[in-house]
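Hi there,

Here is the structure I promised to pass on.

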Amino acid sequence: MKLDIIDKYLAGEMTTEERLAFEQEMERDPKLKEDVHIIAYIIHGIRQVGLEEENKRLQRIIASSASDKRRYVATIAAIFIAGFIIAATISVPVYHVVVKPLIEKINDHGNQENNELSRQNTDSVFTKQEVDSTTVINEEVQQEETADTDEKEKTKEDKTKEQQDKDSIFVPNPNPSKIHINPISKIDENGTKYELINAYYENGKLTLILQIVNNNNDRDLVFDIPTILDDKGNQHTAISMKLDGQNKKTFSLNRTQVLEMILSFKIDYIPNSLQELRIKEINSWPIISMRNIHLSVNEN
Amino acid sequence: MIISFKKLRHLRQSALNKEISQIYDEAKPSFINLMQKHFGRLTYQDIEELYDDAVLALYENANNGTLKELTCSITTYLYQIGRNKAIDKLRHEHPEKMVDIEIHDFYPFVDTCWNDDYKNEIRYLIADKVVRLISGSCKKLLDLFFLQETPMKVIASQLGYASADVVKDKKSRCLRKAHAIANENLKKLDEQRSIT
């Protein structure tokens, strides 16, 4: 078999003359023609079988590209879900460790501010009424105070009014400092007994509680606003005066009556002692004076 | 999206498609050889880039449904894509020069041998049977040569033969063997027919 020549013919590598001569030879020699046909069929078969395999490869590419897409989508979905799970897992401890304490802190801060406002409010309610009384009671005392103090008082009064308008809830200071005092009493010439029975300090104010037993059968007593001299010699005029729980600008005492007098002084520290407490009865002389009052914070 | 990957390198590195990765390695030498032979003005880097684009195009066409069935080998398909891209590139870079493309018909006379007679049908069946029996180095060589249209020189380097002439001898021996088996089967069939 002339395989090289057949191969050259089938590959189209012959010149025109060579090809025509070969084709004439094929017509003359049926065996050669049969060999050419068989070789052509084998080459065709190689191509066909090879093409089948190539198409199987193509189908694998198509299938794998589809799975690539699915894998891609699955990967994205997995990342998203994993992110969600991680976020959900982290958010619980983060909430408890970071957010919740923060919220509580903010709330506490807000409550403190509210308490502060309420406290100011309480003070202001008390102060306003007393400042008003003071103004009416004794203009001289007012004039003794400095201009700064007046301004502060005014500002405070304005704030008080605003706070009163805004919030009328009265929140008392839960922990006033109780002050131990040495028992001290005085009896005036009319027989009226003045006894300092209690004291406490709260919000920059010193409050003294006096018990008065009036033994005077002749006349009623009318008192002016009391004053104190602190341990440094500074004079403080009572900014409020209550008699049996009621605010008073002046007060009178009926015969043989036992009353509790509550005096409030604006003083921003707890003095060790008071040099003097002066209570002036308007119609009588001398002033009732109680000296050497020792103050100490009662731990209990 | 995967399809939007610009370079096949990314595709291969990500190992998304093993089949494509395998084809990439298999078809590259033949592609480079053919391109260097027909487009001498292109550099090696240009041809490599065109090859990457061609394999990516194959992947995309398979992926988007444009390519559903092959009528030629994958290597030929890649070469056709590469050839079109090379022509575009050269026309763009050198519009004044006509790109002269040699279009060769591989084994044109194989397809001129068909007749619809009974004997050809028998030949077809026998040749198909014989071809499916071919295996090993013969199958690889004949596939590379007749299906992939790989040049002898490239086959030699790919399959580890000493030279193109060795490949040519081997190809002749393989064809001769296949022809002998087919001929024997045909004779047997003729004898059976003459008996009946």
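**Strands in chain A**

Strand β3(A) and strand β4 (residues 205–213) of chain A run antiparallel and are joined by nine bridges. Within this pairing, A:E195 sits opposite A:Q211 of β4(A). The two strands make a hairpin with two residues between them, and A:N203 in that turn has a positive phi of about 50°.

A word on terms: strands are DSSP runs of E with at least two residues, helices are runs of H or I with at least four, and both are numbered from the N terminus. Two strands count as paired if DSSP finds at least two bridges between them.

β3(A) also pairs with strand β2 (residues 184–187) of chain A, in the antiparallel sense and over four bridges. There, A:I187 has A:K193 as its bridge partner in β3(A). β2(A) and β3(A) form a hairpin too, with five residues between them, and A:G191 in the turn has a positive phi of about 95°. Strand β1 (residues 177–181) of chain A is antiparallel to β3 (residues 193–202) and joined to it by three bridges.

**How to read the values**

This is a predicted model, so local features need pLDDT of at least 70 and side-chain atom pairs count only at pLDDT 80 or more, while totals for chains, interfaces and linings use all residues; side-chain values use heavy atoms, with hydrogens and water left out. Residues are numbered from 1 along each chain as its sequence is written, and chains are lettered from A and ligands numbered from 1 in the order in which they are written.

**Salt bridges**

With a salt bridge taken as a side-chain nitrogen of Lys or Arg within 4 Å of a carboxyl oxygen of Asp or Glu, the count over all chains is 21. One of them joins A:E25 to A:K2, with the closest N and O atoms 2.8 Å apart. This pair links distant parts of the chain: A:E25 belongs to helix α2 (residues 16–28) of chain A, and A:K2 to the segment before α1 (3–10), 23 residues apart.

For accessibility, buried means under 20% relative accessible area, exposed over 50%, and partly exposed in between (1.4 Å probe, protein chains only). A:E25 is partly exposed at 24%, and A:K2 is partly exposed at 42%.

A:K31 and A:D35 also meet in a salt bridge, at 3.2 Å from N to O. Both lie in helix α3 (residues 30–137) of chain A, four residues apart, about one turn of the helix. A:K31 is partly exposed at 48%, whereas A:D35 is buried at 4%.

In a further salt bridge, A:E276 and A:R278 have their closest N and O atoms 3.2 Å apart. A:E276 is buried at 6%, and A:R278 is partly exposed at 32%.

There is also a network of salt bridges that links A:E54, A:R57 and A:R60 with B:E19 and B:E26.

**Chain B**

Chain B has eight helices and zero strands. Of its 196 residues, 46% are buried. Taking a contact as heavy atoms within 4.5 Å, residues 24 or more positions apart account for 64% of the chain B contacts with a separation of 6 or more. The accessible surface of chain B is about 11,100 Å², and 50% of that belongs to carbon and sulfur atoms. Accessible areas come from the Shrake-Rupley method with a 1.4 Å probe, and for residues only the protein chains shown count as cover.

Best wishes
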